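Colleague: I am new to reading protein models. Could you take me through one, feature by feature?
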Amino acid sequence: MPPDAGTAAPDAAPRAAAALAVRIAWLASPRTVLLLAAAALVGAAAPVAVTWLTRGVIDQIVAGGAIGPLVTLATGLALAGVATATLPQLDQFLQAELNRGASLVAIDRLHGSVGRLTGMVRFEQPAFLDRLQVAVMSEQGPAEIVAGGLGAARSMLALAGFLVSLVLISPVMAIVVVVAAIPVLFAELALSRRRACMTFTISPVERRELFYRDLLLRANAAKETRLFGIAGFLQRRMLTERRKADRARRAVDRRELFVQGGLALLGAVVAGGGLVWAVRASRQGELSIGDVALFIGATAGVQSALATAIGQFTLLHQKFLIFDHFRAVVTGPTDLPIAAHPRPVPPLREGIELRDVWFRYTPDAPWALRGVTLTIPVGRATALVGRNGSGKSTLIKLLCRFYDPERGAVYWDGIDLRQLDPASLRKRVTAVFQDFVEYDLTAAENIGLGDVTAIDDDDRIRTAAQQAGIDDELAGLPAGYQTLLSRIFMTEADREDPTTGVVLSGGQWQRLAVARAFMRDGRDLMILDEPSSGLDAEAEYRIHAGLQRHRAGRTSVLISHRLGSIRNADAIVVLDDGAVVEEGTHADLMNAGGTYAHLFTLQATGYLDDQVDQFDNRATAEAAS
Ligand SMILES: Nc1ncnc2c1ncn2[C@@H]1O[C@H](COP(=O)(O)OP(=O)(O)OP(=O)(O)O)[C@@H](O)[C@H]1O
């Protein structure tokens, strides 16, 4: 059974997420972080200074004091004003700069971690995919968290400054303002938790919306969506998912509206009450006019700094919770257990052996392989055949160790694959998968990716293409092997120029995938999962002749529903419902008259008219009886 550790939501660790975010930001640009911190310090001091300088100026004017100190105070006020006016722009620039650098580091970390997942297990787990989607959206998290943290620190410093000012004028008022802020803090924290939770819970809905949107916009789905007239149907489904997500967002927005509206009202009542008191105190001579100005500025300053600090803390808390999904992905365990001291994979000398292998994709899924015991001898061609869903592709995924068996084991010259280094194992394997990738790159790159160390080696690329029978076609493209095999990167100006990109046919792509596998020449094991399913008869014949030549003396596993193409394999293994039901050469299996003989005869019959008639008659008779 595939392990599921690390996919279930782990206990959120917002502190660890915050620490990781700060580490990433610091790694990206320590200078920008320091500049932002300096800006935060000045940003905190400036408004407090403005309030005190304003009080001094007013009191000097009212008292008719000397011009010198008044000018000094006014100059200070002007400088503080300049700092207050220009800091937001500088702050914005620094934040954007930090964002660029830290996002780059975050993207690199995230993709590095996903790339280090050795198997396919995680990609089949919805919980991991949800987490990954949130993690991908969190690339700006480090910069936002650092900027938010510094913003909160700035508000706290400003708050302290204003609070001291307010305590000097009216300690009671200072206490009232602070006490009124306590419910705000708790309410905002609860709101932020709710928003972070909503972001995660709507993730499957957003993934479904993306799936429908992708189908509607994808070129290779356009044929079916048009012919079957399902664009409207898919669009309605997409909008339904969007509405579901919007309903969840609206519920949180509505709660915020009521809670924050109520809290704002409370703040306004406190400030209004204080103002009435200050005016009365001034009339009774307890406060100077400058004191009243200081009181008004300090009360507004305390309230706004408190509101900003609480807002920033709760936003930070929310960002920690969201960025925690990023942390969970980048620090999560690997999907397949890796041996403490994985052994490098030696060249294959005897063969690969499956011993009583049981495998299912999830604990609640039916078994895809049931007690498979099988030897793939070195230097021999082994063919896997069987009906759809009988477990052929699953078996080769286990040979590449994309998954581990739940019971039993796969051995490479007697060593359990779990003891080997997965990367080292894969260096010894080449494959054409059923669902091979069509890269929107040049023809040469499409082949060269088979051995990225030789991606510029034109001779090897060309040899691989010749072996796959596609050299002539690639050489004949407008820019030969350098032709881009895609039209998706074209600009409007390129549209008429055929050399900027061409579209290959399905069969051509398939031969290109075979060439890519040939690029990894000299590997110990070659896996071919339906390498010729999309080819015309002649291309199929040529590719199988080429593969046969190439396979000679090498270890290969070949899957094909066209039984004629595997009849020359050294051994044919028939799978049925995840179990090996027959094994032998073509002649052995035909003599045995079992599943293979039945399937082979059925296919061969299709190519011979008189036998087709007999077959049809027999089928009609069978149907009638
Ligand atoms: N990624 C997956 N997640 C869950 N179940 C899967 C997955 N891939 C295959 N299966 C299931 O495992 C069983 C074996 O599938 P597999 O693809 O190995 O069959 P196959 O013999 O290669 O079929 P085909 O001839 O159609 O390619 C099937 O029941 C299939 O539904």
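Modeller: We will go through the sheets, then the helix packing, then the ligand shell.

Modeller: This is a predicted model: local features need pLDDT of at least 70, side-chain atom pairs count only at pLDDT 80 or more, and totals for chains, interfaces and linings use all residues. Residues are numbered from 1 along each chain as its sequence is written.

Colleague: In what order do the four strands of the open sheet lie?

Modeller: Start with the terms. Helices (H or I, at least four residues) and strands (E, at least two) are DSSP runs, numbered from the N terminus. Two strands pair if DSSP finds at least two bridges between them. Here the order is 2-1-4-5, and the pairing is antiparallel.

Colleague: Which strands stand at the edges?

Modeller: Strand 2 (369-377) and strand 5 (415-416) do. Each has a single partner strand, so one side of each is left without a neighbour in the sheet.

Colleague: How many bridges join strand 4 to strand 5?

Modeller: Two bridges join strand 4 (residues 407-412) to strand 5. Tryptophan 412 has isoleucine 415 of strand 5 as its bridge partner. Helix 11 packs on this sheet and touches strand 1 (351-359), strand 2 and strand 4. Contact means C-beta atoms, placed from the backbone, within 7 Å.

Colleague: And the pairs made by strand 1?

Modeller: Strand 1 pairs with strand 2 over six bridges, in the antiparallel sense. Glutamate 353 has threonine 375 in strand 2 as its bridge partner. With strand 4, strand 1 pairs over five bridges, again antiparallel. There, isoleucine 352 partners tryptophan 412.

Colleague: What is the strand order in the sheet of six strands?

Modeller: That open sheet runs 6-7-8-3-9-10, with mixed pairing. Its edge strands are strand 6 (429-432) and strand 10 (579-584), and each pairs on one side only. Strand 6 and strand 7 (residues 525-529) pair in the parallel sense over four bridges. Alanine 431 stands opposite isoleucine 527 in strand 7.

Colleague: How do I describe two packed helices?

Modeller: Two packed helices are described by the angle between their axes and the distance between the axes. Axes are lines fitted to C-alpha atoms, for helices over the stretch in contact, and angles run from 0 to 180 degrees between N-to-C directions. Take helix 4 (residues 126-136) and helix 7 (residues 203-217): the angle is about 85°, and the axes are 9 Å apart. Helix 4 and helix 7 are therefore roughly perpendicular. Angles under 35 degrees count as roughly parallel, over 145 as roughly antiparallel, 65 to 115 as roughly perpendicular and the rest as oblique.

Colleague: At what angle do helix 14 and helix 16 cross?

Modeller: The axes of helix 14 (residues 458-467) and helix 16 (residues 506-519) cross at roughly 125° and come within 8 Å. That makes helix 14 oblique to helix 16. Helix 14 gives Arg460, Ile461, Ala464, Ala465 and Gln467 to the contact, and helix 16 gives Ala515, Phe518 and Met519.

Colleague: How many residues surround the ligand?

Modeller: 13 residues surround the ligand. A residue counts as near if its C-beta atom, placed from the backbone, lies within 6 Å. The closest are Tyr361, Ala368, Asn388, Ser393 and Thr394. Helix 11 (residues 392-399) gives the most to the shell, with three residues.

How values were computed
Contact = placed C-beta atoms within 7 Å.
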